[in-house]
Amino acid sequence: MASSANALRLGLRTCSRQTQTSNLRIAAIQRRALSATATRCEGVPVPKREDDAKLEFTRPYNPGEFLSEKLRSDDLQDWERERYERALTSWEQTPDDLKRGWSTMIRDIEQAAAPLRRVVMPRRSTFWYEEEKDTDLITNEDGEDDFHENDIMSLGHGKLEEHREFREYARIAVWEMPLLSKYAKPFVPPTGEEVLRFRYTTYMGEFHPADRKVVVEFCPKDLRDLSEVQQRKLMKLAGPRYNPEKDIIKMSCEKFEHQAQNKRYLGDLIEKMIAAAKDPKDTFEDIPLDTRHHTFTKKISFPKEWLLTEERKKELEAARQQALLKDAEKVVQGALVDGADVVKQYLESGAAEALHAVPVMAGRGGKALPGGKGGKMHRSKR
């Protein structure tokens with residue numbers, strides 16, 4: 001039984017190799033360059049229409065006939081011939097019902113594999129074959145963007161993504177941030193030797209072209225190894241980067257890709273400036289310090305008399321008390337004018353109505369004109 005199965009396996013393997021060879025020949029024909037003539041190849045039929053685009057195969061596979069044809073070949077070696085003979089003997093000893101079962105199985109396999117062997121011809125009636133399906137796609141993308149009422153909208157997915165991001169940062173704050181406490185260090189003020197103050201820019205882990213920028217600030221007077229003349233020379237070398245109002249030199253660099261490179265460049269530049277300031281060949285004393293690049297802000301100073309000192313507060317309080325006493329004396333004497341009483345008396349006297357009366361213009365003969373306008377009335381003649 002095992003030998004019969006081995007014979008069947010050999011036959012199926014040979015048929016599969018023949019089918020692969022045929023498919024390769026067909027693919028080579030389909031990849032042919034543009035031509036106006038039909039393709040002709042030995043053993044491969046040329047279909048005339050799409051309905052006739054089918055490859056004709058030989059008779060159904062029979063292990064006995066296949067092994068007999070192999071034994072009639074003169075190219076077989078001794079061990080191959082011996083192997084095929086044993087397989088043919090085992091096949092002849094196989095029961096008839098088992099042979100019929102194998103024949104049925106082989107026929108079913110060939111029928112299932114027939115669509116795969118069929119030659120796929122393009123549709124020549126369409127422009128650029130746009131209706132032809134792409135067999136290289138793993139999934140079919142047709143209708144994927146259609147909404148079938150079985151999912152939430154894109155706005156809802158955006159809200160869910162935002163909620164997931166909030167939860168992620170909440171987990172980091174609860175579980176991971178407390179672990180950073182073991183790396184905390186106490187604040188130590190900078191010493192007199194640490195005169196350079198660097199400033200960096202970060203975007204919380206996101207890439208940004210401005211995150212490589214490094215800014216450095218320092219005061220020339222903090223460089224204690226420089227004399228006063230050398231400090232003034234350093235200010236002149238800094239040029240517009242020197243702020244005379246704050247007495248600070250500020251420089252920045254973003255020409256390199258990484259922050260460490262820009263910081264190293266600024267450090268080297270400051271060292272070169274200090275070395276040039278210490279050069280005794282030329283101290284730049286004959287050159288004045290140019291501050292035209294800086295706009296000085298005017299500081300408004302209030303007079304000292306405006307300051308509310310304790311003595312000034314006592315003087316103001318005494319002046320208020322005297323004003324209140326004078327008002328009380330005028331009330332007793334009746335000399336204090338009350339604005340509310342004056343307005344009330346004016347309204348009761350009727351003078352307001354006389355002032356607000358509207359005059360009416362009268363015409364000739366004592367008749368009032370329409371609209372309050374005076375003048376003569378002329379009658380037109382036809």
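Contact here means heavy atoms within 4.5 Å. Helices (H or I, at least four residues) and strands (E, at least two) are DSSP runs, numbered from the N terminus.

## About the model

This is a predicted model, in which local features need pLDDT of at least 70 and side-chain atom pairs count only at pLDDT 80 or more, while totals for chains, interfaces and linings use all residues. Residues are numbered from 1 along each chain as its sequence is written, and side-chain values use heavy atoms, with hydrogens and water left out.

## Helices α2 and α3

Two packed helices are described by the angle between their axes and the distance between the axes. Axes are lines fitted to C-alpha atoms, for helices over the stretch in contact, and angles run from 0 to 180 degrees between N-to-C directions. Helix α2 covers residues 63-71 and helix α3 covers residues 78-92. Their axes come within 10 Å and cross at roughly 155°. That makes α2 roughly antiparallel to α3. Angles under 35 degrees count as roughly parallel, over 145 as roughly antiparallel, 65 to 115 as roughly perpendicular and the rest as oblique.

The crossing of α2 and α3 is left-handed. A crossing has that label if the near helix is turned anticlockwise from the far one by less than a right angle, and is right-handed if clockwise. From α2, the contact uses Pro63, Gly64, Leu67, Ser68, Lys70 and Leu71. They meet Arg81, Tyr84, Glu85, Ala87, Leu88 and Trp91 in α3. The residues of this contact divide into seven nonpolar, two polar and three charged. Ala, Val, Leu, Ile, Met, Phe, Trp, Tyr, Cys and Pro count as nonpolar, Asp, Glu, Lys and Arg as charged, and the others, Gly among them, as polar.

## Aromatic pairs

The whole structure holds three aromatic pairs. Rings of Phe, Tyr and Trp (its six-membered ring) pair if their centres lie within 6.5 Å; planes under 30 degrees apart count as stacked, over 60 as edge-to-face and the rest as tilted. One of the pairs is Trp91 with Trp102, which is stacked at 5.4 Å centre to centre, with 15° between the planes. Trp91 lies in helix α3 and Trp102 in helix α4 (residues 96-117), so the pair ties together parts that are eleven residues apart in sequence.

Trp91 is buried, at 7% relative accessible area. Trp102 is also buried, at 12%. Buried means under 20% relative accessible area, exposed over 50%, partly exposed in between (1.4 Å probe, protein chains only). Another pair, Phe302 with Trp306, is tilted: 6.0 Å centre to centre, 40° between the planes. Both Phe302 and Trp306 are exposed.

## Helix α6 and its neighbours

Helix α6 spans residues 228-238. Its buried residues include Gln230, Leu234 and Met235. The buried residues of α6 pack against β2 (214-218), β3, β4 and α7. Just after α6, Gly239 takes a positive phi of about 65°.

The axes of α6 and α7 come within 9 Å and cross at roughly 130°. That makes α6 oblique to α7. The crossing is right-handed. Gln230, Lys233, Leu234, Leu237 and Ala238 of α6 make the contact with Met273, Ile274, Ala276 and Ala277 of α7. These residues divide into seven nonpolar, one polar and one charged.

## Positive phi in two loops

Asp247 has a phi near 60°, a positive value in a residue other than glycine. Asp247 sits in the loop between β3 (242-243) and β4 (248-253). Asp247 is buried, at 13% relative accessible area.

Phe284 also has a positive phi, near 60°. Its loop runs between α7 (259-277) and α8 (310-333). Phe284 is partly exposed, at 21%.
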